[in-house]
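Welcome! Here is a short tour for anyone meeting this structure for the first time. Please take a look at the sequence and the model, then read on.

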Amino acid sequence: MSLNSLPRLDGYAMPAEWAPQAQVWMAWPERPDNWRDSGGPAQQVFATVANTIAENEPVSMVVSAREYSRARAALSAGVRVVEMSTNDAWMRDIGPTFVAHTKGDVRAVDWTFNAWGGFNGGLYAPWDADDAVAAKIAGIERVARYRAPFVLEGGAIHVDGEGTCLTTEECLLNPNRNPDLSREQIEQHLRDYLGVDTVLWLGRGVLDDETDGHVDNLCCFLRPGVVALTWTDDPSDPQYPISLDAFQRLQAMRDARGRALEIIKLPMPRTLVMMSEREAAGVLAVPGSQPRGANVRLAASYVNFLICNGAIILPAFDDPNDALARSMLAEQFPGREIRQVPGREILYGGGNVHCITQQQPSSGR
Ligand code: KQY
């Protein structure tokens with residue numbers, strides 16, 4: 001059922017990621033112009049992510065008809081496999097953002113999706129199958145759906161569940177998303193569709209992030225009043241001024257409840273993460289799709305983790321800072337197990353764990 005009203009007016013708001021979840025949605029990678037070797041290495045990692053989450057809560061994996069059997073064979077019994085068309089595998093951005101009523105009922109927000117910029121810097125065309133995913137999931141789950149009349153991806157926002165939304169100017173004010181909307185109009189849309197009161201704007205996202213600076217690679221809430229920020233102490237790193245600007249803005253901000261924010265600086269991997277010549281050679285070059293070259297710095301960030309029931313699913317990059325990120329997050333999430341999964345193959349496709357997952361909060365039903 002498609003609704004013409006607004007979540008906020010109907011009493012719905014997006015819960016924080018740490019709220020209890022009914023399941024996590026993912027999509028199976030296969031497009032050969034984005035994933036090396038026709039997606040084989042990425043599929044192994046997506047299966048690891050899904051099977052790890054499924055130790056704690058159900059997972060639904062959407063898969064093309066062509067890949068159904070392979071996916072089913074790689075996934076554990078806790079992962080439901082659902083046949084569905086997509087253009088790629090970024091469930092955070094193509095799936096619904098679920099909103100919940102204080103009484104527990106859950107509904108879906110179906111953002112307009114244009115492949116991170118449409119024909120003005122977007123990453124592939126067409127994207128119509130991706131744009132249809134949120135409505136299909138809402139149908140499968142029998143939840144009412146709000147179609148949002150503006151472009152947004154789930155990775156471009158984070159909420160604290162207490163009225164605050166974090167986002168970036170680089171993405172939401174980018175002319176390739178909603179060129180006809182002002183900053184104030186976009187803020188009002190966020191208030192209306194996420195049920196928040198306060199929008200906190202950071203500037204740029206992580207260097208070389210092909211999403212135009214999604215916040216979910218730069219900064220996220222760990223709990224109300226506490227955020228993790230991608231950080232480097234090296235002033236010669238071009239990421240340094242970006243993280244410093246975000247740090248200074250965060251220091252000056254107050255959340256919807258009037259709190260100053262505690263900022264946890266989560267270091268980046270110590271060494272640059274790049275594809276090798278051999279790995280890059282496995283990606284099919286297709287005009288109009290994002291080129292994938294060897295020895296190009298990728299936007300590696302430990303902030304791109306998922307909070308799920310009982311666990312944190314954290315990317316690892318075969319880097320000395322993997323252990324540091326793990327221990328820092330273990331300190332922040334004493335009630336959750338830190339499950340580190342291989343993040344390099346996901347990063348080779350342009351994102352990480354948070355970008356390939358979408359949590360569905362538990363309903364009171
Ligand atoms: O990071 C994301 N949320 C999506 C990345 C998209 C990359 C497409 N190649």
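**Salt bridges, a helix and a ligand**

Asp-110 and Arg-145 join their side chains in a salt bridge, with 2.7 Å from N to O. Asp-110 belongs to strand 7 (residues 106–112) and Arg-145 to strand 8 (residues 145–151), so this pair ties together parts that are 35 residues apart in sequence. Please keep in mind that the model is a predicted one.

**More about this pair**

- Asp-110 has a relative accessibility of 2%, so it counts as buried, the cut-off being under 20%.
- Arg-145, at 18% relative accessibility, counts as buried too, because it also falls under 20%.

**Other salt bridges**

- As background, side chains of opposite charge can pair when their charged atoms come close.
- Across the whole structure, a search finds 24 salt bridges.
- One of the salt bridges connects the side chains of Arg-31 and Asp-33, at 2.7 Å from N to O. Both Arg-31 and Asp-33 are buried.
- Another salt bridge brings together the side chains of Arg-183 and Glu-169, at 3.1 Å from N to O. This pair links distant parts of the chain, since Arg-183 sits in helix 7 (residues 183–194) and Glu-169 in helix 6 (residues 169–172), 14 residues apart.
- Arg-183 has a relative accessible area of 29%, so it is partly exposed.

**Helix 5**

- Helix 5 spans residues 133–141, and its buried residues are Val-133, Ala-134, Ile-137, Ala-138 and Glu-141. Looking down the axis of helix 5, you would find these buried residues within an arc of 135°, so they line one face of the helix.

**Around the ligand**

- The ligand is surrounded by 13 residues, and the closest are Asn-34, Asp-93, Glu-210, Gly-349 and Cys-355.
- Asn-34 has a polar side-chain atom 3.2 Å from a nitrogen atom of the ligand.
- Glu-210 places an N or O atom of its side chain 3.0 Å from a nitrogen atom of the ligand.
- Gly-349 takes part through its backbone, where a polar atom is 3.0 Å from a nitrogen atom of the ligand. On its own the ligand has 300 Å² of accessible area, and the protein covers 98% of that.

Note on methods:
Residues numbered from 1 in each chain as written. Predicted model: local features only at pLDDT ≥ 70, side-chain atom pairs only at ≥ 80, totals over all residues. Heavy atoms only, no water. Buried < 20%, exposed > 50% of the residue type's maximum accessible area, 1.4 Å probe, protein only. Helix = DSSP H or I, 4+ residues; strand = E, 2+ residues; numbered from the N terminus. Arc of directions from axis to C-beta. Salt bridge = Lys/Arg side-chain N within 4 Å of Asp/Glu carboxyl O. Near = heavy atom within 4 Å. Polar contact = N/O pair within 3.5 Å; in protein donor to acceptor, adjacent residues only side chain to side chain. Areas by Shrake-Rupley, 256 points an atom, 1.4 Å probe, with all protein chains shown as cover.
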